[in-house]
Amino acid sequence: MPLTVPVPDTQQVRCKVFTANLAQAAATYDLATCNAVGGVVILSVDIYCVTAGATFTSVAIATNDTTVVPILSAVEGAVANLTAGKNIVKAFATQTYLHTSKKIQYTIVGATGTGSLRVIVRYQPSVVGADLQ
């Protein structure tokens, strides 16, 4: 009979999907927040354009840490690059730590626009109970 060993919570890789609503005024909006239990290690971020963007200039995604970690630059998120039904090519290709209560945010530049992005974040909790919300 095989031996089953439970995997500790901090070793489990998780994946959550968040929606960036681009049909809003130019401003910064929260996409995900690390809960108060502990930080998480962001392993990867994939961005899919659900609905094409229009009217605004660009969208950028980054953490709100003291030293900001860019996930999608304003150049990569230029409205011309937001084609419905396509993955958005981005430079973010490294792991990063997101501390307790820190956020991933998106910033819309320009006029009120249209469109939406699906942002898929793969991460690993640093302590039991740490999560993205």
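The model is predicted, so local features need pLDDT of at least 70 and side-chain atom pairs count only at pLDDT 80 or more, while totals for chains, interfaces and linings use all residues. Residues are numbered from 1 along each chain as its sequence is written, and side-chain values use heavy atoms, with hydrogens and water left out.

Strand E3 covers residues 40-63, where a strand is a DSSP run of E with at least two residues, numbered from the N terminus. Two strands pair if DSSP finds at least two bridges between them, and E3 is joined in the antiparallel sense to strand E7 (residues 103-125) by 18 bridges, with Ala62 opposite Gln105. Ala62 also stands opposite Pro70 in E4, a strand of residues 70-72 that pairs antiparallel with E3 over two bridges and is connected to E3 by a hairpin of six residues.

Elsewhere, E3 pairs antiparallel with E6 (residues 96-98) over three bridges, Ile42 facing Thr96, and with E5 (residues 86-87) over two bridges, Cys49 facing Lys86.

The largest nonpolar core has 31 residues, and Val59, Ile61 and Leu117 are among those with the most contacts inside it. Such a core is a set of buried Ala, Val, Leu, Ile, Met, Phe, Trp, Tyr and Cys residues joined through side-chain atoms within 4.5 Å, buried meaning under 20% relative accessible area with a 1.4 Å probe, protein chains only. E3 gives the most to this core, with eight residues. Ile61 is in contact (heavy atoms within 4.5 Å) with residues including Leu31, Ile47, Ile71 and Tyr106, leaving aside residues up to four places away in sequence.

Methods. Helix = DSSP H or I, 4+ residues; strand = E, 2+ residues; numbered from the N terminus. Buried < 20%, exposed > 50% of the residue type's maximum accessible area, 1.4 Å probe, protein only.
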